[in-house]
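Hi,

Here is the model I said I'd send over.

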Amino acid sequence: MNINTITTIDEFEDLFKRNIRGMFKDEKSRNERIKKFYELIVLKKNASPLASTKKETLRRVSIVLTTKCNLKCVWCHREEQHVKDSGYLEKNIELDKLKKLLPELKGFHVLSWGGLGEPMLNKNFYEATKIARKYIPIVKTVCNGTTLVEKNIQKLKESNLNYIEVSIDGFNEEANLRLRGAHEADIIRNIKKLSDETDIPIQINTVVSEENYESLFGAIHKLKDVKNIVAMHTIPLFMTKHMQELGIKPLGQTKYENLLKSWKADIDKFKLNIELSPNLDQMNFDPVTFMKKEHNICFSPYEDPSINVEGHIAPCSRLQHISLGNVFDGGFEKAWNSEKMVKFRQEQLKGNYGDLCQRECNMKVTCKKSLQERTKIHKEIHSSISG
């Protein structure tokens with residue numbers, strides 16, 4: 001079943017539940033998320049701009065441990081000039097403050113270390129992970145693979161990390177080096193070693209674009225001996241200003257489908273237990289993407305809290321330098337529904353999207369205010385947002 005064959009609300013809800021983002025299967029929590037989803041698409045600008053503070057109903061909580069990185073990925077938001085100018089980069093989160101915060105996050109199903117940096121470059125990564133696992137069932141990290149060297153494998157095991165996402169954007173011995181700055185053979189060697197010595201599930205994250213399309217078809221063949229891989233996650237290109245300046249284009253739907261069909265055929269050929277995320281049905285109906293395209297509403301500010309390296313709630317994981325309420329000052333619940341965060345959601349419900357949301361997620365401005373009026377409102381929320 002896919003979105004094009006649905007004829008009843010029961011079929012829609014069944015597809016929604018199977019595709020809703022998140023790693024937990026708790027029916028009650030998913031139903032709470034669906035209620036907010038329905039509220040937004042039915043009431044639109046009259047919906048409440050408050051997000052649930054019931055942690056178990058939220059997709060996850062993401063925390064940025066560091067904004068230091070050892071690679072230079074061409075499509076990373078670190079390359080955006082407004083991020084470089086913000087003073088946000090080359091920082092580590094304060095461990096003492098993080099230690100005080102983590103017990104308060106009990107109730108979340110998933111905590112993800114990520115952000116505009118390589119999490120494992122923070123020397124406190126292993127200690128923070130071990131503490132986090134006391135309160136949150138699934139603690140995972142995004143990783144560029146270069147830090148998964150042998151000396152760190154035992155420390156990963158002892159930290160109780162229980163999921164890891166590794167980014168690889170090319171499989172032809174040239175593309176990953178050109179686009180990220182690392183040889184994919186080295187990364188694959190690292191994750192194979194990790195697989196041989198631990199049971200930590202591995203997800204491969206791959207940006208798909210016209211720039212690297214041809215290099216991706218050999219992925220399953222090159223990864224088939226890495227036994228811990230459970231998912232291949234493809235990420236459509238976000239059109240940042242940097243991407244526009246470089247002339248890098250998003251991948252068309254037909255090519256995207258062809259890539260997934262090829263990967264699925266190889267997975268079946270080698271008899272691998274690897275999930276495609278999205279698979280062919282999901283790429284036509286992801287609830288968050290559906291809400292953006294069909295209703296011009298972004299669900300992320302309601303379900304996906306992101307805490308940046310300074311302890312601020314950011315409106316989404318791609319706008320980490322934008323600070324809308326500090327969890328270290330007043331706690332998670334207060335920051336998650338802070339005055340500025342609520343105002344950010346209110347303006348989106350009115351159709352007053354800032355320049356970053358317009359460019360990267362194709363959100364449409366539908367309110368009747370002038371550009372000058374809209375910009376003034378956005379500047380009151382955060383200085384880096386324009387109309």
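Let me start with Phe 217, which is partly exposed, with a relative accessible area of 24%. Tyr 213, on the other hand, is buried at 8%. (Buried is under 20% relative accessible area, exposed is over 50% and partly exposed is in between, using a 1.4 Å probe and protein chains only.)

Before you read on, this is a predicted model: local features need pLDDT of at least 70, side-chain atom pairs count only at pLDDT 80 or more, and totals for chains, interfaces and linings use all residues. Residues are numbered from 1 along each chain as its sequence is written, and side-chain values use heavy atoms, with hydrogens and water left out.

Now the rings. A pair of aromatic rings is described by the distance of the centres and the angle of the planes. Rings of Phe, Tyr and Trp (its six-membered ring) pair if their centres lie within 6.5 Å; planes under 30 degrees apart are stacked, over 60 edge-to-face, and the rest tilted. The structure has six aromatic pairs. In one of them, Phe 37 and Phe 299 have ring centres 5.5 Å apart and planes at 85°, so this pair is edge-to-face. It links distant parts of the chain, 262 residues apart: Phe 37 is in helix H2 (residues 27–43), while Phe 299 is in the loop between helix H12 (287–295) and helix H13 (300–303). (Helices, H or I with at least four residues, and strands, E with at least two, are DSSP runs numbered from the N terminus.) Phe 37 and Phe 299 are both buried. Back to Tyr 213 and Phe 217: their ring centres are 5.1 Å apart with the planes at 80°, so they are edge-to-face too. There is also a cluster, made of Phe 37, Tyr 38 and Phe 299.

Two charges sit over rings, if you count NZ of Lys or CZ of Arg within 6 Å of the ring centre and within 35 degrees of the ring normal. Lys 224 lies over the face of Phe 270, at 5.5 Å from the ring centre, and Arg 345 over that of Trp 336, at 4.8 Å.

Arg 345 and Trp 336 turn up again among the residues that Pro 301 touches, leaving out those up to four places away in sequence. (Contact means heavy atoms within 4.5 Å.) Others on that list include Ala 51, Pro 315 and Phe 344. Pro 301 lies in helix H13 and counts as buried, at 1% relative accessibility.

Which residues of H11 are buried? They are Tyr 256, Leu 259, Leu 260, Trp 263, Asp 266 and Ile 267. The face turned away from the buried side carries Thr 254 and Lys 269, both exposed. After H11 comes Lys 271, with a positive phi near 55°.

Last one: Thr 129 is in helix H5 (residues 125–132) and is buried at 0% relative accessibility.

Cheers
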